[in-house]
Amino acid sequence: MRAEVAAIAGDLMLERGYERTTVEDICAAAEISRSTFFRYFPSKEDALFGLTLDAGEDLREALVARPDSETPWTAMRRALDPLIEKYEADDERVRLLTRLVVTTPALLARHQEKNARWHELLRAEVSRRLGADPDDRADPRVDALVGASLACVHAALTAWTTGERPGVKLSVILDRAMDAIA
């Protein structure tokens, strides 16, 4: 049900725009009450991000599963593959939703909050890979690596949604962004 409501919210926001879509509109389209909506999502923004909110855990697990022989940067890039594949699987709809996120201030702020949570989720594994103490905030390496990789994802998503290079896969754009730093 949560995934269905998230999909409906996304469809309505694409059709009407973020600002003109209300929780009431989402509830009516999903045929649920407001209280049911708020059991699934604390806000309208969370309904749009519904399917990606838990992706940070998946990313952490993918990073942990990467071989120790990979550099931390390579492991981070390869750990992003399953997430990027999900974006590419429903290419046009996801591209439109992503454009909505990167061009709508309230959604972009929520996206940044999600990235901050992901940053903390990835911290321990990146620290381990770097041989760093995860509690040592004076060592900038962990935050730099995680922050740079998430910034590359954001840059790639922004570039992917512009449509300037139709047909270029998100994974290729992400490789370009991450190669610029590597």
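Trainee: Why does the radius of gyration of the protein agree with that of a compact globule?

Mentor: This is a predicted model. With 182 residues, a compact globule would have a radius of gyration near 16 Å, and the protein has 17 Å, so the two agree. The C-alpha atoms fill a box of roughly 50 × 40 × 25 Å along the principal axes. Buried residues make up 47% of the 182 residues.

Trainee: What elements make up the protein?

Mentor: The protein has 11 helices and zero strands.

Trainee: Why is helix α6 called largely enclosed by the rest of the structure?

Mentor: Helix α6 spans residues 72-79, and six of its eight residues are buried, so the helix is largely enclosed. Buried here means under 20% relative accessible area. The buried residues are P72, W73, A75, M76, R77 and A79. Their cover includes α5 (55-65), α7 (81-89), α9 (105-130), α10 (141-162) and α11 (170-181).

Trainee: How many aromatic pairs does the structure hold?

Mentor: The structure holds four aromatic pairs. In one of them, F37 and F41 lie 5.7 Å apart centre to centre, with 45 degrees between the planes, and the pair is tilted.

Trainee: How do you know whether F41 and Y40 are buried, partly exposed or exposed?

Mentor: F41 has a relative accessible area of 0%, so F41 is buried. Y40 has 29%, and it is therefore partly exposed, given that this class lies between 20% and 50%.

Trainee: What does the UniProt annotation say about residues 22-41?

Mentor: An unreviewed UniProt entry annotates residues 22-41 as "DNA-binding region". In the model, this span is 75% helix and 0% strand, and its end C-alpha atoms lie 13 Å apart.

Trainee: What makes the charged end of K44 sit over the ring of Y18?

Mentor: The distance must be within 6 Å of the ring centre, with a further condition of within 35 degrees of the ring normal. The charged end of K44 sits over the ring of Y18, 4.0 Å from its centre. Likewise, the charged end of K114 sits over the ring of W118, 3.8 Å from its centre.

Terms used:
Residues numbered from 1 in each chain as written. Predicted model: local features only at pLDDT ≥ 70, side-chain atom pairs only at ≥ 80, totals over all residues. Heavy atoms only, no water. Phe/Tyr/Trp six-rings, centres within 6.5 Å; stacked < 30°, edge-to-face > 60°. Buried < 20%, exposed > 50% of the residue type's maximum accessible area, 1.4 Å probe, protein only. UniProt positions renumbered as here; feature names shortened; annotations may be inferred. Helix = DSSP H or I, 4+ residues; strand = E, 2+ residues; numbered from the N terminus. Contact = heavy atoms within 4.5 Å. Rg over C-alpha atoms; globule rule 2.2 N^0.38 Å.
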